[in-house]
Amino acid sequence: MSVAGLATLLTVAYFALGLSVTLPGEQVTPAGDTRFSSRYLTMRDGIDIAVDLWLPADYAGEEPLGTVVFGTRYGRSFDVQFPFRVMLALGRADPLNYARLTKAFTEAGLAVVIIDARGSGASFGQRDTDLAREEIADYGEVIDWVIEQPWSNGRVGAAGVSYVGLTAEMMTELRHPALHAIAPLFNYFDLYAMLIRPGGVFDQYFMENWSALTQAMDENRCFIFGSDFQCWLTGQMFDGIQPVDVSDGGERKRRAFAERDNPTVMENLQGYEFRDDPWGNTGEIMRTPYLMRADAEAMGIPINAWVGWYDSATADGAIARFLTYSNPQQVTISALSHGGKYNTDPFMPVDQAPSPAYLEQTEQLAAFFTKHLVQDDAPEDVHKIRYYTVGEGTLRTTDTWPPEGIAYARWSLGAGRKLQSGEAFSEPQDSKDSYQVDFSASTGPTSRWHSIGGPDIIYPDRRDESSKLLSYTSEALPRDLEITGAPEATIHMSSTHEEGALHVYLEAVKPDGSVIYITEGVLALKNRAISDDPPYVTQTVYHSFERADAKPMVPGVVEEVVVPLYHISALLKAGDRLRVSIAGADADTFERVPAEGEPTWTVHHSQLQPSFIDLPQRWRKSP
């Protein structure tokens, strides 16, 4: 065959492959409707909002449908190009816009509506900040449209992962009578303390990368983290946001982007240091889910939340909501990455399958919405937490937190870098250790704080990192020890500098010397004041992070600093040793505190100035 003939054959095969593919959204239902459609809805102020509708493949037009809505600022759908269709035909890709929750919900007989948030995607308008009142009000008007449609049964749920989970939860402020259930998945209950400034220390990695990602999306630029070639290759697969199904949809999409002038996340964070600082140019504090408590409780809306122990601090938020709200709640906390795709148990191989399995997660969510949006005789709601124990690989269920049988026990830091169960060591008043902060110390580039995009969270053996930390280690455990709840460290310390960030790690030292990360806590030393007025129920002390409560350290003066650690459920085996490590930096994640200088800390552990960690624990019976 000639070169020209071969080229012609390959070209014909290429186009035949692409044309052979029918995307899920191109299928026609028995009722005669295309499964996927999009439209503009005009809001109260004349702004056009882009909305997608997905119908079940078997929709026959007879029974009205419950509907789940997603409010996103990441693009409701993307404009698939011909090369991507070829990849689908070859089995080298999955349908781009047929996401796992859309697939699960429509297969369960539910309609799905996906909304480009105001000032994002193909929608018009500006977004001065994320989660603004105008954005949430738009979702209410979309719900109004949904319940007026002939395919709707008048019942609506809201769901989503991360930002989309935030919008799902914040829709409760609408108190819309058609909103019957929500599923906030891997979202942040307290945006300040659980994402932006954990412990008052700026999460520089996440916020800078999230700002760059959202800015690129708002400007219709390549938003993947990769090389120029990867961006070019991605551009061959899809052409940004999908236009709305109108004759001038492409032109309207271009106009929406051209008119947009959103401030970036980092621009809005300028000057945002304390919880009560104004956010962006609003003159108001940041809007965050826990502020919606009165609305959610007034509705009595059932909540199904999924989070991961090592997904930033999403687990702490889900537990706080569970303990605070009177709403019926089903909470699943497992060793899951952001979005639930990966198992993040540091005691397990990195390729361990997630528990529950990825498909099982979506099936359970579909069952939750079917119960609340379709069934008239649904069983009574329950209030429970299902939790996974790292190091054991089991899932248990409890209706109280911490679970029954867990009690706090004290482990004291002492001379010789020892950690001992019980009260303070019998040591003289000057028992102490000096530590010069090592600003190269890190939990690595795949830690819980690197969850943007939903990658696997991996904590490698930390024995080499231990040389950079001030560590206190116990003797070998005589029995298996379960730790379930929120540990709390109390450190009596002084510093040579006014500013500092105290990082406290709980670790397991295996008999072979390997060091496994269990959990951590972080606190800006100036935020050490303890508040007696938390906005939600906590298992540990509460720091307000408000400007009026900030108090720099006085160099050389010993202070008691109490650091809550993030919730965890972990099982240490007999023969393991327990370790508490102290650092003043996490170089791959947090801002440097102070910005300049080389602080030296003195950690005290005498009877009069003890340092210790209180662990929510129970000893397991011997085999």
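Visitor: Why is Trp619 called partly exposed?
Guide: Trp619 has 29% relative accessibility, and the class between buried (under 20% relative accessible area) and exposed (over 50%) is partly exposed, with a 1.4 Å probe and protein chains only. Trp619 therefore counts as partly exposed.

Visitor: What do these values rest on?
Guide: This is a predicted model, in which local features need pLDDT of at least 70 and side-chain atom pairs count only at pLDDT 80 or more, while totals for chains, interfaces and linings use all residues. Residues are numbered from 1 along each chain as its sequence is written, and side-chain values use heavy atoms, without hydrogens and water.

Visitor: How many aromatic pairs does the structure hold, and what makes the Tyr192 and Tyr272 pair edge-to-face?
Guide: There are 31 aromatic pairs. For Tyr192 and Tyr272 the ring centres are 5.9 Å apart and the planes stand at 75 degrees, so the pair is edge-to-face. Rings of Phe, Tyr and Trp (its six-membered ring) pair with centres within 6.5 Å; planes under 30 degrees apart are stacked, over 60 edge-to-face, and the rest tilted. Tyr192 lies in helix 6 (residues 191–196) and Tyr272 in the loop between helix 10 (265–268) and helix 11 (293–299), 80 residues apart. Helices (DSSP runs of H or I, at least four residues) and strands (E, at least two) are numbered from the N terminus.

Visitor: How do you know whether Tyr192 is buried or exposed?
Guide: Its relative accessibility is 2%, so Tyr192 counts as buried. Tyr272, at 3%, is buried as well.

Visitor: Why is the pair of Trp411 and Trp619 called tilted?
Guide: The centres are 6.4 Å apart and the planes at 45 degrees, so the pair is tilted. Trp411 is in strand 13 (residues 407–414) and Trp619 in strand 25 (residues 612–619), 208 residues apart. Trp411 is buried, with a relative accessible area of 3%.

Visitor: What makes the link between Asp218 and Arg73 a polar contact?
Guide: The two side chains meet at 3.1 Å. A polar contact is a pair of N or O atoms within 3.5 Å, where within protein one must be able to donate a hydrogen and the other to accept it; residues adjacent in sequence count only if both atoms are side-chain atoms. Asp218 is found in helix 7 (residues 204–218) and, at 8% relative accessibility, counts as buried.

Visitor: How do you know that Asp586 has no salt bridge?
Guide: The nearest side chain of opposite charge, Arg462, is 7.1 Å away, whereas a salt bridge needs a side-chain nitrogen of Lys or Arg within 4 Å of a carboxyl oxygen of Asp or Glu.

Notes: Lys, Arg positive; Asp, Glu negative; His and termini not counted.
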